[in-house]
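User: I would like a close look at a single part of this model, followed by some of its surroundings. Please keep the wording plain.

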Amino acid sequence: MRHGELDEAFELGRTCALAAECRRDLGRCAQMYQGLFPEAAFDGDFYHSLTLATAFSAPWATADRLKVLNRTALWVLAVDRLVDHTATTREQVSRLTRECLSVAAGAVPRSAVTRFLADLRDELATTRAFDGLQGLWRDQLARTLAGMARAWVWRDTNAVPTLARYLDNADCRGSCFVDVSHWIYTADDWSRTHLEDLRVVSRQVQRYLHLLGDVASYRKDLSWGDLNVLALGVTRAEVTEAMAELAREAAALIETVREPSPRTAVYLRRQIGFNAGFNGISAHNPSP
């Protein structure tokens with residue numbers, strides 16, 4: 001084996017080991033919140049794919065440094081399940097939103113999902129930067145919850161949003177909230193002081209991931225009755241074109257981050273690349 005190939009194999013092996021360590025942490029984490037993670041929805045493959053995505057996005061990190069990233073992503077997916085598959089009325093969705101925002105502001109949690117959020121809030125509060133960034137963190141949380149609620153209403157009323165409006169609601173995916181939480185916890189000084197600017201970049205990546213996720217889960221979404229861009233009268237060609245344009249726009253924004261914070265730029269680029277590769281979809285040719 002050539003020296004370069006050996007180095008590459010070493011890095012791949014190390015990253016997979018990192019993902020496995022993170023997966024064990026998420027397994028322990030899920031056990032702490034009784035009933036929030038039923039095995040039917042959160043099986044071993046789920047945890048495996050989640051931690052592979054985060055490990056390959058930041059392979060230089062340790063499992064401890066990825067703790068908030070992984071746990072916030074897990075929390076977002078738990079809330080998404082509660083909204084999409086548990087809530088049966090608009091008031092239930094609104095109540096969940098109110099409770100989460102109240103706990104994010106410091107209230108005492110009264111359910112498994114809000115207890116998990118409170119634990120994330122308290123872990124972020126161990127960093128000195130959180131005092132000055134908590135407002136931005138809560139704002140992005142509010143955007144995420146509002147996006148999920150809006151998607152619930154669209155599904156409940158059989159609304160057919162345009163592609164542009166659907167993309168405007170990409171905060172429902174929650175990846176920007178995950179990024180913001182991760183950067184508050186681990187980012188360099190430049191990133192923390194420019195977090196509002198980074199949020200703009202992250203939200204552009206999120207739009208791409210929103211369509212990518214829909215293309216990858218098209219059949220499952222149809223069977224569950226979930227919203228999916230390909231079931232809204234949008235053609236595959238339009239989705240392909242939109243994804244390509246979103247990827248180009250995201251790349252241009254990420255390039256502005258490369259010099260002041262190289263690892264943040266790499267992290268964002270790897271989110272696009274890993275998720276596209278993992279789902280077997282290129283930026284220019286998505287297909288289920």
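In which helix is the place of T186?

Analyst: The model is predicted. T186 belongs to helix α8, which covers residues 175–186. Its relative accessible area is 16%, and because buried means under 20%, T186 counts as buried. Leaving aside neighbours within four places in sequence, T186 is in contact with R65 and R192.

Salt bridges come next; the whole structure has 14 of them. One joins the side chains of R71 and D25, at 2.8 Å from N to O. R71 sits in helix α3 (residues 67–86) and D25 in helix α1 (residues 3–31), so this pair links distant parts of the chain, 46 residues apart. R71 is buried at 19% relative accessibility, and D25 is buried at 14%.

Another salt bridge is formed by the side chains of D226 and R155, at 3.2 Å from N to O. D226 lies in the loop between α11 and α12, while R155 is in helix α6 (residues 130–156), so the pair ties together parts 71 residues apart in sequence. Here D226 is buried, at 15%, whereas R155 is partly exposed, at 23%.

R248 and E245 also form a salt bridge, with their closest N and O atoms 2.6 Å apart. Both are in helix α12, and because they are 3 residues apart, about one helical turn separates them. R248 is partly exposed at 47% relative accessibility, and E245 is partly exposed at 32%.

Methods:
Residues numbered from 1 in each chain as written. Predicted model: local features only at pLDDT ≥ 70, side-chain atom pairs only at ≥ 80, totals over all residues. Heavy atoms only, no water. Helix = DSSP H or I, 4+ residues; strand = E, 2+ residues; numbered from the N terminus. Buried < 20%, exposed > 50% of the residue type's maximum accessible area, 1.4 Å probe, protein only. Contact = heavy atoms within 4.5 Å. Salt bridge = Lys/Arg side-chain N within 4 Å of Asp/Glu carboxyl O.
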